[in-house]
Each structure stands twice: as C-alpha cells, then as structure tokens.
Amino acid sequence: MRTIGVVTVSRSDYGIYRPVLKRIHSDPQLELRLFVGGMHLSPEFGYTLREIEEDGFPIADQIEMLLSSDTPEGIAKSMGLGTIGFAHAFARFRPDILIVLGDRFEMHSAAVAALPFALPIAHIHGGESTEGLIDEAIRHSITKMSHLHFPSTAVYARRIVQMGEEPWRVVVTGAPSLDNLFLHQRLTRAELAQHHGIDLVEPTLLVTYHPVTLEYEQTQAHVEALLDALKDSGHAAIFTYPNSDTYGRVIIKMISEFVAHCPKARAIVNCGTDLYFSLLNHVDAMVGNSSSGIIEAASFKLPVVNIGNRQRGRLHAENVIDVGYSPSEIAQGISKAMSASFRAGLADLANPYGDGHAADRIVAKLKEVSINQRLLQKQFQTVVGVAECESCS
C-alpha cells in the first residue's frame with residue numbers, strides 16, 4: 001500500500017483538496033495521512049481542525065506554526081516555525097509521496113522541510129500567476145522543489161515546462177475544487193435562511209477580500225475604498241474572513257466594525273465548502289480579490305468584481321470584471337455586475353478550469369508513478385525558443 005501525505009494549512013486549501021482526499025481515502029491501494037497546520041489550529045480563524053476530524057480523514061500530525069502577528073516579521077517567523085514543525089512531523093511519519101497545494105507561505109514551509117528527506121512532492125495548482133502577492137514567488141519556488149505537477153489548465157502546464165520541468169512530470173488535471181460541484185448538495189434559499197439565518201430576499205453581494213501582500217502597507221486604504229463602495233451600492237453584503245496573510249487582521253477589524261454599524265451586512269468566519277458553494281449559487285454577485293472568484297464562480301455563471309492586483313496574471317472567464325482600488329472603480333464594477341444585461345451575457349459561459357474530474361486524474365498518476373531515482377533526480381529541461389536575457393549573449 002502506497003502512503004500519500006497531504007499538507008493542509010487553511011480552510012481554503014481544504015475545500016479544494018476535499019475531492020482528492022475522498023478519492024485517496026476510498027482507494028484500497030492507497031493510505032491517506034494528513035499533516036494539519038496553520039489556520040486550521042487557530043481559534044481566530046474558526047479552528048477548522050474540527051471540520052477535518054468530522055470528515056473522518058486520518059491525521060498524521062498537527063503542526064503549530066502561526067504566531068499571533070500579521071506583520072512581515074511575524075509571517076517570516078511563522079515560516080521558520082513551520083519548517084521546524086514539518087521537519088519533526090516528517091521524521092516521525094514519512095509518507096511515500098507528499099501533496100502540497102498552491103502558494104501559501106505555510107505550504108512553502110512544508111516543501112522546504114521535505115527536501116532533506118528526499119521526499120517526492122506532488123504540487124497542485126502550479127504554474128499560475130498572482131502578480132500582486134509574495135505567493136507568486138512561493139508558488140514557483142514550490143514548483144522547483146516538486147517532482148510531480150498537477151496544473152489546472154494547459155496554459156499553466158506550459159509555464160511549468162518553461163521553468164525547466166520535464167514534461168512527463170506534468171499532468172493537466174483541472175481544478176480539484178470544481179469536483180465539489182458533483183459531490184455536495186447545495187442548500188436552497190429556504191435552507192440558508194432556516195439553518196444559517198441568511199436571508200437573500202434583496203440583492204446580495206458575497207465579499208471576500210484578502211491582503212495584497214506586495215502592497216500590504218496600503219491595506220487600510222484599499223479596504224476603506226471597498227467599504228465605501230459597498231455602502232454606496234445599497235446592497236446587502238455577506239463577508240467571509242481573509243487568510244492569515246500580512247495585515248490580515250487589519251481587514252478583519254475593519255469588516256467587524258462595518259458589520260456592527262450596517263444592518264444589511266454580516267460576516268462569516270468560516271463558511272465551509274457546502275455553505276460557500278450554496279452562497280455562490282444564490283447571491284447576485286461576488287466582490288473582492290479571492291481566487292474563488294477566478295476559479296469556482298464561473299461554474300455558477302456568477303458575476304465577479306475582481307479588485308486590484310492580487311489575482312493579476314490569472315486566466316479567467318468573461319464573468320470577471322477587473323477594476324482598480326478606487327471607490328468609483330469598484331462602484332462601477334458592482335453596477336455592471338448587478339445589471340441584467342451582464343448576467344444574461346453569461347448564459348453560455350464555460351469554466352476554463354476543467355470539467356470536475358480532477359481528483360480521478362491526480363489519483364491515477366499517484367498510483368502509477370514509479371518512486372525511484374528518475375522521479376527524485378530532476379533534470380532541467382531546456383525550452384527551445386525562450387528569449388534570452390540582454391546580458392546572456
């Protein structure tokens with residue numbers, strides 16, 4: 001039996017992983033073990049370890065790593081603590097293959113810790129681009145530390161090969177989060193009202209805004225502009241909490257104050273996949289800078305107002321309206337997203353991130369790949385036709 005370790009550090013990656021975890025856990029040839037850390041262990045972010053325990057997935061270890069600080073120094077120290085913690089975990093329990101996802105600093109700590117163990121790493125959602133974030137460098141760094149790559153589109157697969165990765169290591173799978181469309185029963189409007197107290201009688205915006213980590217010093221000004229535009233729109237708003245990035249607590253504080261004084265607004269610390277997908281299915285538009293607006297929202301034909309630089313560089317469908325940071329630009333985006341004509345134009349929208357069968361493709365590769373020196377000893381693949389730097393000639 002082949003043991004598959006999976007690193008999960010936040011509610012966002014866990015929701016994406018879930019179809020893959022279910023597929024691994026149900027396969028008689030594979031043994032699943034989770035390494036749980038980061039926001040999952042923080043009461044401030046909903047202590048979502050409980051959700052994993054309720055789902056019944058086996059946990060190999062819990063890695064405490066987050067300081068109660070969102071300053072650059074605090075994030076850097078958390079990364080160091082994470083590397084130490086994951087090193088201890090891998091020494092106690094070494095899987096045959098380790099899966100990591102995306103671009104968060106907690107994931108980077110796990111990948112760095114795995115290197116001295118010669119532990120094969122499989123990376124989901126590599127090759128993407130988020131030019132406004134430190135995540136851009138983290139994602140590509142994880143790609144170079146990984147031995148298997150599961151990008152969500154062919155565009156991102158080509159980027160991974162352009163980075164020197166051998167093509168046989170790269171399998172285009174689609175986005176695993178879209179598999180949830182077939183796995184979860186979405187709540188009706190009546191059930192949202194009855195079980196969660198969410199009344200969607202009037203037009204409602206789902207708002208998810210995360211720090212732009214390369215512009216963290218402007219976080220307060222960015223959020224003030226967003227809140228001004230939301231207030232002027234007159235629409236009801238449901239906020240979800242940001243991640244534990246630099247100055248994330250600034251956003252949480254400002255959201256809490258806004259909700260306390262605005263009867264049409266409410267905040268949810270942790271939605272979970274079922275509630276979040278139900279909201280995507282029923283709200284009128286999404287506003288913010290979350291990757292879910294880029295990847296999942298298109299499957300619901302949901303208009304999305306994407307603010308600023310956080311997601312700049314990512315492939316997206318026509319439901320996404322890119323705007324700047326000013327209140328007027330955000331307000332114009334909301335007005336366009338809420339118009340009947342814009343929504344009508346999304347009737348035949350196709351999601352570029354896949355068909356909802358990513359987990360099958362990922363698990364098939366995990367089972368068939370040989371764990372040998374060919375997998376572990378990477379050879380740089382030179383790509384013909386790539387432009388040289390000015391001083392390379």
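Predicted model: local features only at pLDDT ≥ 70, side-chain atom pairs only at ≥ 80, totals over all residues.
Residues are numbered from 1 along each chain as its sequence is written, and side-chain values use heavy atoms, with hydrogens and water left out. Helices (H or I, at least four residues) and strands (E, at least two) are DSSP runs, numbered from the N terminus.

**Loop residues to look at**

- Tyr-47 has a phi near 45°, a positive value in a residue other than glycine.
- Tyr-47 is partly exposed, with a relative accessible area of 28%; here buried means under 20% relative accessible area, exposed over 50%, and partly exposed in between (1.4 Å probe, protein chains only).
- His-125, in the loop between S5 and H5, also has a positive phi, near 70°.
- His-125 counts as buried, at 6% relative accessibility.
- As background, most residues other than glycine have a negative phi.
- Thr-246 sits in the loop between strand S8 (236-240) and helix H10 (248-261), and it is buried, with a relative accessible area of 6%.
- Not counting residues up to four places away in sequence, Thr-246 touches Asp-70, Thr-71, Pro-72, Ile-75, Pro-211, Thr-213 and Tyr-216; contact means heavy atoms within 4.5 Å.
- Gln-29 is in the loop between H1 and S2, and its C-alpha is 5.1 Å from that of Met-1, although the two are 28 residues apart in sequence.
- Leaving aside neighbours within four places in sequence, Gln-29 is in contact with Met-1, Arg-2 and Lys-367.

**Aromatic rings**

- The model has nine aromatic pairs, where rings of Phe, Tyr and Trp (its six-membered ring) pair if their centres lie within 6.5 Å; planes under 30 degrees apart count as stacked, over 60 as edge-to-face and the rest as tilted.
- Phe-35 and Phe-90 make an edge-to-face pair, because their ring centres are 5.1 Å apart and their planes stand at 80°.
- That pair links distant parts of the chain, with Phe-35 in strand S2 (residues 30-37) and Phe-90 in helix H3 (residues 72-92), 55 residues apart.
- Phe-35 is buried at a relative accessible area of 0%, and Phe-90 is buried at 1%.
- Phe-90 also pairs edge-to-face with Phe-117, with centres 6.1 Å apart and planes at 85°.
- This second pair is 27 residues apart, and Phe-117 lies in the loop between helix H4 (105-114) and strand S5 (121-124).
- Phe-117 is partly exposed, with a relative accessible area of 26%.
- One aromatic cluster is formed by Phe-35, Phe-86, Phe-90, Phe-93 and Phe-117.
- Over the ring of Trp-168 sits the charged end of Arg-374, 3.9 Å from the ring centre; the rule asks for NZ of Lys or CZ of Arg within 6 Å of the ring centre and within 35 degrees of the ring normal.

**An enclosed helix**

- H4 is largely enclosed by the rest of the structure, because nine of its 10 residues are buried.
- Among the buried residues of H4 are Phe-105, Glu-106, Met-107 and His-108.
- The cover over the buried residues of H4 includes strand S1 (2-8), H1, H3, strand S4 (97-101), S5 and helix H5 (135-145).

- On a 1 Å grid over the protein atoms alone, a cavity is a set of points where a 1.4 Å probe fits but cannot get out, and a pocket is an open set with protein on both sides within 12 Å along at least five of seven lines; lining residues have an atom within 4 Å of a point.
- Grid points are joined across faces, edges and corners, and a volume is the space filled by probe spheres set on the points.
- There are four cavities of 30 Å³ or more, and the largest cavity holds about 720 Å³ of space.
- The largest cavity is lined by 42 residues, with Ser-12, Asp-13, Ile-16, Ser-290 and Ser-291 nearest its centre.
- H1 gives the most to the lining of the largest cavity, with six residues.
- The largest pocket has about 210 Å³ of space, and of its 13 lining residues the closest to its centre are Arg-50, Glu-51, Glu-54, Asn-270 and Gly-272.
- H11 supplies the largest share of the lining of the largest pocket, four residues.
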